[in-house]
Amino acid sequence: MAAIDDRHLLDVKNVRHLYGKPGGGGQLVLDDVDLTLFDNEIVGLLGRSGSGKSTLLRSIAGLIQPTAGEISFPRGDAASPTRVSMVFQSFALFPWLTVQENVEVGLEAKRVSPEIRRSRALAAIDLIGLDGFENAYPKELSGGMRQRVGLARALVVDPTILLMDEPFSALDVLTAETLRTDLLDLWCEGRMGIQSILMVTHNIEEAVLMCDRILVFSSNPGRIVAEIKVDLPQPRNRQNPAFRKMVDDIYARMTQRNPADERKGDGLFPGMGIGMVLPQVSTNVMAGLMETVSGGPFDGKAHLPDLAEALQYEADELFPIAETLQLLRLAELEGGDIKLTQDAQRYVAADVDTRKQIFAQHLIAYVPLAGHIRRVLDERTSHKAPAGRFRDELEDLMSEEDADQTLKGVITWARYAEAFAYDESADLFTLDDPS
Amino acid sequence: MVFLSGDRPGSRPLARFLRVGVAPSWADLIAFLLLAATAVLIVRGAGEMSEPLSRLRTTPVTLDVARLPEYALLTTLRMFAALGASLLFTFTVATLAAKNRKAELLIVPALDILQSVPILGFLTFTVTFFMGLFPGRQLGVECAAIFAIFTSQAWNMAFSFYQSLRTIPNDLDEVSRQFGFSPWRRFVRLELPFATPGLVWNVMMSMSGGWFFVVASEAITVGNTTIALPGIGSWLALAIERQDMKAVAIGVGAMAVVILLYDQLVFRPFVAWADKFRFEQTASQDRPGSWVYDLVRRVRWLRLAVAPLGWPARAMTAIDWPIPRLALQPVRLGPQTSRVIDGLWIAVLAAASVAAVWFLWTFLARTLNLQDAFVAFGYGLATLVRVVVLIALTSLIWVPIGVWIGLRPAWAERLQPIAQFLAAFPANVLFPFVVVVIVALHADPNVWLSPLMVLGTQWYILFNVIAGASAIPSDLKEAAGIFGMRGWQWWRQVALPGIFPYYVTGAITASGGSWNASIVAEAVTWGDKHLEAVGLGSYIAKATAAGDYGRVALGVAVMSIFVIAFNRMLWRPMYRFAERRLRLD
């Protein structure tokens, strides 16, 4: 450890990635992403789901070959290559192997001899606080314990960089907090033997709590829109005003959009017009959100971080709901605030039938696909149209899964609004009410 | 038939229905033609190589009870030899299909068709072929028998394995790639364990069917040659020939003992062991139990005694083939090049199909004319009527009984293993009892031989319905009780929808099995008395006995077409409906 090596651990340059057919109309998930990773830092990739941050992480792990761009590890050489290891959101444990065997799996692939494998695995298991569970199978463990196994398995191969893909998002709040604290302790004490951590998260507070640097991703396509340095000393306190301010700030950045897109509602979701990929958001959830914002203490306008806390939601869960309301012109999002429109206030006050009417008007007027289906049904004398036709139209504009999800979302909304009916067994849209 | 391991007792066949579309596709047609041409080609080649069958000498089978254990052992060994061959086939062909898109295009439809081909019709061909390979030796006939069992086992196992390989969870795949698993390690650590539960259940179904074929294939008459391999099947054949009812009864008893031992000592422990490979992160409530497995785990000396069984597994994980660290960069083909290669592949397949059509035509045209085809088709219709009527009748009987049992857990627990045992029991050993009655009463064989076709296969309906009825959630049952649903409304809205997916699974298996069984059920013998029912089964059986390859081929082809059409037009739409609308999860 004589001279300090000032080369980066990791260089990501101009990485672009397209999903789907090469050459054909694929979906751009990563656009021109640059990233460097230095020694001794935790960097968070923060963004909405579908912003390509997991794709970037997998590219760095070597699991995906990005369409264009370069990923290099300047520090590594033949004698001591830079090793990366990964922790998965779903833990990705082999259910048929015991804890010990799961931890050993990476060493086994490297043909490390059984004795060394065993002692190194035991050391990692010990480090991560799993002693006593060596012979348990994953299905006997709680979620937190399973992720510990995932962590031990990643650490035992002695990585330079630890990649973590939303490592705590499948855990309940308390377990996640314990695991975060334990991980930070190990990191601060330098006991994990890793140089740097790169983690993907959609949880803003988690990012501010753990990271030294946060890269905020925009979605559609994924780009880095902001780099935020977190200078707060560890251990960080969530109640600290500086901490709160930083969280608020990031909320504002993540709801900010390109003003050019603002007018048409485009840019909220990927795609334009009827090609917009819509999320599946339940009408009950939308109604609930409007009622909450309309009632005290918010009175029609709420700060998103406060709202998220009041509802026990994470930002990633809240955003699609809020944005669907914005698409429907029932709410406006600005600077980390959500504000109900007049129609939304009317909706909250109304009875069931009036609510449905208001929703139907907005659905037909502002959701292009719903309007399109309704127009086709109105034009036909039979007032019937096969759903396959619209599915085909959508599949020209987006992937099959997105088309499926979008159509399902619109069907749910239209059924609630009684804007048009859908017969599942015949796969048919109709105008008549089932009475 | 491919079963998912998910629902234990009445597993659902999934893979066969995964391919969307009811109409036969081009891939099916091509696969069918190529398979048929290959089969005929093999027989012709073998025919030239083989010596006259009459020269074969085998140790004569005797009805000596002292030799029965030996016969039983030999029969069982044949089963396991075939199982080994099926596993080998599964691991190679299914892996190839899962990893190579071009191979997949051919293998998947081919497996689908092979599942529907009546295996018993094959016997003629396979005997001829293997006798040709080992002229004048018992080994040839052994191979033919083993091959017959193999053909009844391999396809669904391969399908299940292929299906598992295609559905490997993404995250585990990523872990394996991230750690740089070698292909062998990937197979041992990921693919094989992940596929194990599905494979085990398909092995069980295969073995159930296999007992039927081992019995049928041990004593074969092709032309004027009769071959009898030492085994329970030959014992029964001899007993039938001598009209020795006592010997038949002893043979049936021996079969029952063999299956019981196999079930308790081999299969249940195996299933209980395989449970640890089930891909789920939560421990399941009802784990398959086996007293033998528990005993072995608890008793120290037994554990030591069976420890050698674990050695191959340990050896498999320990070895690591020294894969040359060649930079195996996958060749990146431009879209243009890969399109050209695809085109070439399609052209090769097209050429092969044309050649197959021409070849089949010349083969069949030499011995047969169009009228034969019409005759065979007519017989096919007769057998079709039997299958439909019998499945309907057995459904009417077993659905209410199965539901009644399934709703009473105490009964279900006791009767389910019996139903599974009955499904595995080779019904053909029971034929003589029925035949004796028909002969004695001078009943019309056209009607009364028919039940033999479902004698063994009806149990699939029963145990699937039991499983379905046990799986109806108790909250649904309680809701039905609170709202006072009973009578027809209860059947229509609770019981029938609840069991329907399971029932379809059982009925598919039963109908497929019945087609197959028609070959032995429509033409039976008791001593010197021959009984025959008009149908495609007896048509194939007669052609086999006469050594008329052309008509055997025609009969088998027509039957395959019937089975495939029946599956596509009836079962597959029903299954898809069940999957879409009646899933309870």
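Reply: A:Ile373 is buried, because 26 other C-beta atoms lie within 10 Å. The word has cut-offs: buried takes 20 or more other C-beta atoms within 10 Å of a residue's own, exposed takes 12 or fewer, and partly exposed falls in between, with C-beta atoms placed from the backbone. This is a predicted model: local features need pLDDT of at least 70, side-chain atom pairs count only at pLDDT 80 or more, and totals for chains, interfaces and linings use all residues. Residues are numbered from 1 along each chain as its sequence is written, and chains are lettered from A and ligands numbered from 1 in the order in which they are written.

What does A:Ile373 touch? Not counting residues up to four places away in sequence, A:Ile373 touches A:Phe390, A:Phe420 and A:Phe429. Contact here means C-beta atoms, placed from the backbone, within 7 Å. A:Val103 is another matter: its C-alpha atom and that of A:Ile373 are separated by 53 Å, and the two residues are 270 apart along the chain.

Now the helix. A:Ile373 is found in helix α14 of chain A. Helices (H or I, at least four residues) and strands (E, at least two) are DSSP runs, numbered from the N terminus. Helix α14 covers residues 368-379 of chain A, twelve residues in total. The expected span of a helix is 1.5 Å times one less than its number of residues. For α14(A) that gives 16 Å, and the end C-alpha atoms are 16 Å apart, so the two values agree.

Which residues of α14(A) are buried? They are A:Pro368, A:Leu369, A:Ala370 and A:Ile373. These buried residues pack against four elements of chain A: α13 (352-366), α15 (387-397), α16 (400-417) and β15 (428-430).

Compare a strand elsewhere in chain A. Strand β7 (residues 196-201) is mostly covered, with six of its six residues buried. One side holds A:Ser196, A:Leu198 and A:Val200, the other A:Ile197, A:Met199 and A:Thr201. Both faces are covered.

β7(A) also has partners. Two strands pair if DSSP finds at least two bridges between them. Strand β3 (residues 41-46) of chain A pairs with β7(A) in the parallel sense over six bridges. Strand β6 (residues 161-165) of chain A also pairs with β7(A) in the parallel sense, over five bridges. A:Leu198 of β7(A) is the bridge partner of A:Val43 and of A:Leu163.

Key:
Contact = placed C-beta atoms within 7 Å.
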